[in-house]
Amino acid sequence: MKKTKTSYLLRGTPSILLVLGAGFVMASSADIRAALGMGAAVLVSMLLSAVVVSAIHKIIPGYAKLPTYLMIITGFVSLISMLMQAHFPIVVDMLGVHLATLAVSAVIYRDCEECADHNGEATSIKTALVTGLFFTVVMVACALIREVIGNASIWGQPIELLQDYKISAIAGAFGGYLVLAIVMAVINKLTGLHHHLDEKEDN
Amino acid sequence: MDFKIILGIVLAGILSENYALLHFLGTGAVLENERSSRQSLTLGLGTTLVMLISTLITWPINNYLLVEVPYLQTMVFVFVVLLVVEVIHMIARKIVDNYCHAHFVKFAINGAVLGLCIHNTEADYLTAIVTSVAVGIGFMLTMTLYAKIESTVDEEAIPAPFRGIPIALLTAGMIVLALLALQFKF
Amino acid sequence: MRFVKTLGILLIIIAIFGAAMFGLNFYTGPIIEANQAGAANDRLNAVMPGGSAYEDITATLTGLPAGVVKVNKETSGLGYVIETTATSDYTGGAPMDIVIGVDAEGKICGIQLVSHSESLIFGEDYPGTYIGKDSALAGVELYAGSTYSSTAFKNAVEEAMGVLAANDLIAAGVKTDAQILAEMIPALHTGLTSGGMLKAEAAAASGNITEGYKALNGSGYAFIVAQGETSVLAIVNAAGACKVYDTTGADVTESSAAVVEEAVVAAEKVDFTSAAEKMITDKFADAADITPIELTTFGNVVYASSFISGDATYYAFYSRPMTYGDNAMEICTVIDETGAIVNQNVKEMAFEHGVEYMPGIKDLMDPSSGAYTSYLEKFNGITGETLTDDVLVAGGTVSSSAVKLATQDAFNAFNTVKGGEQ
């Protein structure tokens with residue numbers, strides 16, 4: 001298991017996927033609750049889709065793979081958003097249309113296509129877990145920075161001390177790009193991922 | 001419909017309400033795009049067409065068929081978008097010379113299209129149609145512009161950890177700043 | 001073929017997930033519905049301490065005013081929550097959105113201004129002054145500086161409370177004598193009002209006078225005077241004439257000599273003769289024999305006189321109606337023997353004070369503009385019978401309504417003058 005995880009990470013797949021998922025990462029990283037909600041939705045839908053895809057990938061003909069996988073992902077995302085709507089209505093309000101567009105997010109699709117389509121359930125579950133957790137961690141890290149600095153609050157509770165010092169641009173659209181860029185740069189630095197960037201491009 | 005209103009919707013779609021960069025819908029498709037301007041424009045045009053036709057179909061479906069079962073919305077919409085994209089893809093392959101976009105299907109099914117269809121259900125039909133064209137043009141321009149700017153970035157001059165995704169995000173962030181100036185709020 | 005096959009696979013998947021969603025909806029549907037209802041209840045709970053569930057009883061009520069949107073009954077019997085709206089003349093934009101909680105005893109237990117688009121709004125603490133009041137709203141005052149919005153707000157609350165009382169859901173509050181009398185002032189003495197609202201400052205109470213209102217434009221006073229167990233309303237005009245009314249609205253001047261005396265002493269007279277005469281001679285350079293007439297009407301007219309110009313006798317009525325920003329205009333209406341206006345002269349005092357105006361009226365009140373001249377010429381030939389809303393100006397409703405009111409007052413004064421001669 002250890003081997004799969006490292007090689008998967010070193011291949012840089014999650015961070016390549018991050019470009020594809022940049023939209024919902026930034027959209028849900030203005031508030032920690034939204035980030036956790038979105039993280040859970042991504043993780044669970046990715047996991048379930050991976051399981052189903054790896055189970056049926058052999059009986060689906062090549063030309064029908066894209067639409068089939070997309071519909072499977074959409075189905076799971078819809079089911080999850082129904083549950084979230086019932087139990088976390090605040091989070092669903094914050095995420096808005098982004099929860100539904102998760103269905104066509106290239107992240108989950110790529111994960112299914114690149115991993116679950118070729119491997120058995122065990123490997124698929126592992127990669128889906130790793131990728132989902134990676135996204136959740138990135139989103140929560142961004143959300144922590146953006147909510148505290150941009151909105152002077154944490155988990156929706158205002159921080160009195162910082163009320164006069166909030167930089168609302170950080171909580172806005174530009175803040176999404178800036179903070180995610182910095183978080184990614186830090187991750188690159190810590191993991192040494194960028195050394196493998198050139199290798200990946202050769203693949 | 002008043003010309004002024006149409007102009008307002010178009011300007012909003014291209015600038016102040018830019019889907020890909022400001023609403024984070026289809027951002028992935030834009031950031032990933034490294035194609036030439038020509039290819040970007042064709043892909044963008046195709047996506048605009050998908051947006052228009054999908055809106056034409058999903059709006060009535062949502063307002064007449066899905067009233068009792070709103071939870072099916074995402075699934076039905078994705079199915080419609082999928083069909084529209086496939087059909088356009090098939091037609092384009094037949095009638096357009098050297099149509100080379102094997103990635104069109106993957107590209108055109110993105111958050112911007114689905115998000116637009118969902119947003120549009122709240123407007124009236126005519127506004128929804130105009131909006132879909134406006135957003136499509138905005139999406140096309142954004143991805144073309146972004147690919148152009150991205151290609152001029154000199155990776156060697158950037159600190160190692162910032163290479164790749166971070167610089168791509170910052171590049172897009174610069175465009176966002178310019179767009180935000182038109183929105184009068186930061 | 002491939003296409004059909006793919007479609008088949010897709011439809012199978014859609015069917016499976018559709019069924020799953022349909023099943024899940026039995027579980028999530030009621031929860032989601034409850035959540036949405038809960039969100040709507042937050043707004044109601046905010047004005048109903050301890051409230052939880054509500055029942056919409058709007059359809060069961062009769063005599064709903066146009067502004068009332070919804071009447072909710074707290075199901076455990078704590079009271080009612082009314083969602084209503086109010087529109088002031090000031091902006092004419094989107095109405096104010098008001099939620100009022102009324103407890104089982106008919107007292108307001110919570111009130112909130114949810115949203116508004118007024119350019120000038122009362123302070124945040126203003127709605128709080130309504131808490132604890134019954135449907136009579138005794139002691140609730142308007143908010144100084146934004147009378148338009150606070151009047152609209154007060155009227156909306158009063159109407160909403162009235163609905164509950166009229167449908168016997170709460171006991172109607174009893175108004176005090178002073179409250180009833182104060183509400184009679186706009187009908188009896190138009191000089192103290194503008195657009196149906198009181199435009200007066202408090203005058204000192206003394207002796208039997210419990211409350212005093214002094215017109216901002218100098219057109220007179222209104223006093224609430226204690227008389228034994230009850231109170232009466234005494235109104236005084238600019239010339240010092242006085243009338244007394246009881247709480248039923250009956251004229252009791254004859255039997256209240258003491259009240260008249262006290263009121264006349266308390267009222268300070270202001271002399272407008274020179275300002276009025278200047279406005280006459282501005283338009284009638286040959287005016288001769290200017291003879292002041294004793295005013296017996298109660299309104300915006302503060303000076304009246306007859307004069308001779310050429311061979312004819314004219315009557316001039318100088319009035320000072322209130323307009324924006326608590327400023328008074330100066331108007332001189334000249335009427336001939338037959339009762340028709342021969343000259344209307346409006347001097348926008350407020351304009352000279354540099355107050356910002358709506359574009360429509362600004363142009364109108366610029367004496368060098370054609371709009372100004374043609375507006376005033378519209379009045380020529382109008383008599384008391386033919387004065388209609390035609391003289392109002394879109395975009396300057398407040399000012400032109402004030403002009404119309406003053407003109408009406410001038411005709412009333414004219415009629416008493418002519419009536420006196422016959």
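Let's start with a hairpin: strands E2(C) and E3(C) are linked by four residues, and among the hairpin's residues C:Gly77 takes a positive phi near 90 degrees. Keep in mind that this is a predicted model.

**The strands around the hairpin**
- Strand E2 (residues 68-74) of chain C runs antiparallel to E3(C), and five bridges join the two.
- If you want a pair to look for here, C:Asn72 sits opposite C:Val81 in E3(C).
- E3(C) also pairs with strand E4 (residues 96-103) of chain C, again antiparallel, through eight bridges.
- On that side, look for C:Tyr80, which stands opposite C:Val102 in E4(C).
- Strand E3 (residues 79-86) of chain C has eight of its eight residues buried, so the rest of the structure largely encloses it.

**Chain C as a whole**
- Chain C holds nine helices and 19 strands.
- Of its 422 residues, 40% are buried.
- Looking at contacts in chain C with a separation of 6 or more, 53% link residues 24 or more positions apart.

**Where chain A meets chain C**
- Here 15 residues of chain A are in contact with 16 residues of chain C.
- Helix H5 (residues 65-87) of chain A gives the largest share of chain A's side, eleven residues.
- That side of chain A has eleven nonpolar residues, four polar ones and no charged ones.

**A covered helix in chain B**
- Helix H7 (residues 111-120) of chain B is mostly covered, with nine of its ten residues buried.
- Among those buried residues are B:Gly111, B:Leu114, B:Cys117 and B:His119.

Terms used. Residues numbered from 1 in each chain as written. Chains lettered and ligands numbered in written order. Predicted model: local features only at pLDDT ≥ 70, side-chain atom pairs only at ≥ 80, totals over all residues. Contact = placed C-beta atoms within 7 Å. Nonpolar A, V, L, I, M, F, W, Y, C, P; charged D, E, K, R; others polar. Buried ≥ 20, exposed ≤ 12 C-beta atoms within 10 Å, placed from the backbone. Pairing = 2+ DSSP bridges.
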